[in-house]
Every structure is written in structure tokens, then in C-alpha cells.
Amino acid sequence: MTTPHDAVLHLQDLGFAYPAQPPLATRWTTSIGAGITLLHGDTGSGKSTLLRIMAGTLAATGRLSIAGIRLDTAAEAYRRNVFFIDPDTDAFDKVTALECSASLRDGDTHFDAFRWQALVEGFALTPHIGKPMFMLSTGSKRKVWLAAALASSRPLTLLDEPTGGLDAASIRCLWRTLAGMSRESGRAVVVASGERVTGIPLAATIELPLQTGARHAQRQG
Ligand SMILES: Nc1ncnc2c1ncn2[C@@H]1O[C@H](COP(=O)(O)OP(=O)(O)OP(=O)(O)O)[C@@H](O)[C@H]1O
């Protein structure tokens, strides 16, 4: 089990509820270590909400830290350590896929340009890379974000339903890449999915809904 000491992301006493709704988390403490962690639950169980909280874009009670950097005291540094794109965003609609990719790697000094290129080819994105994002299909947009996410060197990458809208060949490319990344030290990837993930080694699985007051709720694999 990942301890706070070897955690990439540590959550301490996390609490969150939408107004007039039951809490999604109550004093939840857990550590997410290197490798692939599956955040698994049915529709509406809170996967996207928890990803936004982990990304530091949705406020919750409790304490979050990445590699020791706390969100409450060093928000900018914390967010620089996370790669997260809300799949519903229209923030990149006016730029081309290539410009979007450049903006997503901005400030990421160890961005892996070779892996990015391999992913662009593996996702068959090459014919679309010069098009404005608003012209791309849901699946192609997701591929642009995934290529940037998987080539990023940020310690924490958050992927929300990454297979949504992807063709079978791209899904195979995604899992192959994630399987390779599962062995990278100091790099944590959280995959939120309503489907179980088989065929790649998982460091841990977090099941939603969370147990009230759960401590280290995840189980291995
Ligand atoms: N802005 C909001 N205000 C109030 N309730 C919300 C808001 N966003 C989500 N919810 C509710 O919170 C719960 C969790 O939503 P969330 O989108 O996090 O779940 P999810 O597991 O990602 O679902 P899906 O698999 O459908 O994407 C749902 O009941 C949803 O209706």
C-alpha cells in the first residue's frame, strides 16, 4: 500500500459535497503512488468531480499535496505538477490541434516530444493536426489531449474516461502506452472509468462511492 512518504498525491481528510446533495467524500485520506490508479464507479458516482478536486480546480475541504507541495499554500506550484483537461472544455476550440498541443506542453521542460509524435501517429491524428479544434470530432479532440497528457512529464496525470469516442486501434495504442508508463517511477496516472480496466498492470483501484471516513480506500490491482 502506498504510504504518504512514497505518495505522488496525498489527500488528507478530504471532504466534498455539492449543495443540497449527499457528500461524495467525508474525511477521506489516501495516497496515490507511482503507476496507474483506476478510479472506478458507476455514472454519477463522482469520478469527474474527484478528478477536478485532485487537479486543484474544484475546492474541497482537507489537504492535498503532490510530492510534498500543498495546494492550500502553493496552489500554482501544485497545479504545475498536474496534467488535467476537462473533456467538456471548449477552451481550445479556436486554435489548431498543433497549437493546442504546444500550449499544453508549455512550461513542461521534460515533455517527451518523441512519445508525443509516436502517439500522434498511433492515434492517426496526423491528417487533423493542422485543423482548428472546433472542427475535430469528440474522439479526435480527446486524442489531442491524450497525446499531450501521455507525453507530459508532470508527476500527476488525470484522465477522465480516456477511451470515450476512441476507435479500437487508438484504444489499443492508449493501453499499450499506459502499460509502458506503469513502470515509470515518480509518475502517477489516475484513470477515471465506469468500465473495469484489464490487461494493464494497475498500482491500485479506488472504488466509488467512497466509504464514509475511508482511510486508504484503494486496493491493489
Ligand atoms: N456542478 C454540479 N452541481 C451539482 N451537482 C453536480 C454538479 N456536477 C455534478 N453533480 C452531481 O454530482 C454527482 C457526481 O457527478 P460526476 O460528474 O462527478 O460523476 P461521474 O462519476 O463522473 O459521472 P459520469 O460517469 O456520468 O461522468 C452526480 O450526481 C452529478 O449529478
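Visitor: In strand 9, what is the bridge partner of His40?
Guide: Glu207 is the partner of His40 there. Strands here are DSSP E runs of at least two residues, and helices are H or I runs of at least four, numbered from the N terminus. This is a predicted model: local features need pLDDT of at least 70, side-chain atom pairs count only at pLDDT 80 or more, and totals for chains, interfaces and linings use all residues. Residues are numbered from 1 along each chain as its sequence is written.

Visitor: How many bridges join strand 3 to strand 9?
Guide: 4 bridges, and the two strands run parallel. Strand 9 covers residues 204-207. Two strands pair if DSSP finds at least two bridges between them.

Visitor: And to strand 8?
Guide: 6 bridges join strand 3 to strand 8 (residues 188-193), also in parallel. Thr37 has Val190 as its bridge partner in strand 8.

Visitor: Why is strand 3 described as largely enclosed?
Guide: Because 6 of the 6 residues of strand 3 (residues 35-40) are buried, the rest of the structure largely encloses it. Buried means 20 or more other C-beta atoms within 10 Å of the residue's own; exposed means 12 or fewer, partly exposed lies in between, and C-beta atoms are placed from the backbone.

Visitor: New topic. Which residues have the most contacts inside the largest nonpolar core?
Guide: Met54, Ala147, Leu158 and Val190, in a core of 62 residues. Helix 5 (residues 138-151) gives the largest share of this core, 8 residues. A nonpolar core is a set of buried Ala, Val, Leu, Ile, Met, Phe, Trp, Tyr and Cys residues joined through C-beta atoms within 7 Å.

Visitor: What does Met54 touch?
Guide: Leu9, Leu64, Leu158 and Val190, leaving out residues up to four places away in sequence. Contact means C-beta atoms, placed from the backbone, within 7 Å.

Visitor: Now the ligand. Which residues are around it?
Guide: Among them are Tyr18, Gln21, Lys47, Ser48, Thr49 and Gly194. The cut-off is a C-beta atom, placed from the backbone, within 6 Å of the molecule.

Visitor: How does that shell split by class?
Guide: 1 nonpolar, 9 polar and 1 charged. Ala, Val, Leu, Ile, Met, Phe, Trp, Tyr, Cys and Pro count as nonpolar, Asp, Glu, Lys and Arg as charged, and the others, Gly among them, as polar.

Visitor: What about the open sheet of 4 strands, what is its order?
Guide: 2-1-4-5, with antiparallel pairing. Strand 2 (25-32) and strand 5 (69-70) are the edges, each pairing on one side only.

Note on methods. Two residues are in contact if their C-beta atoms, placed from the backbone, lie within 7 Å.
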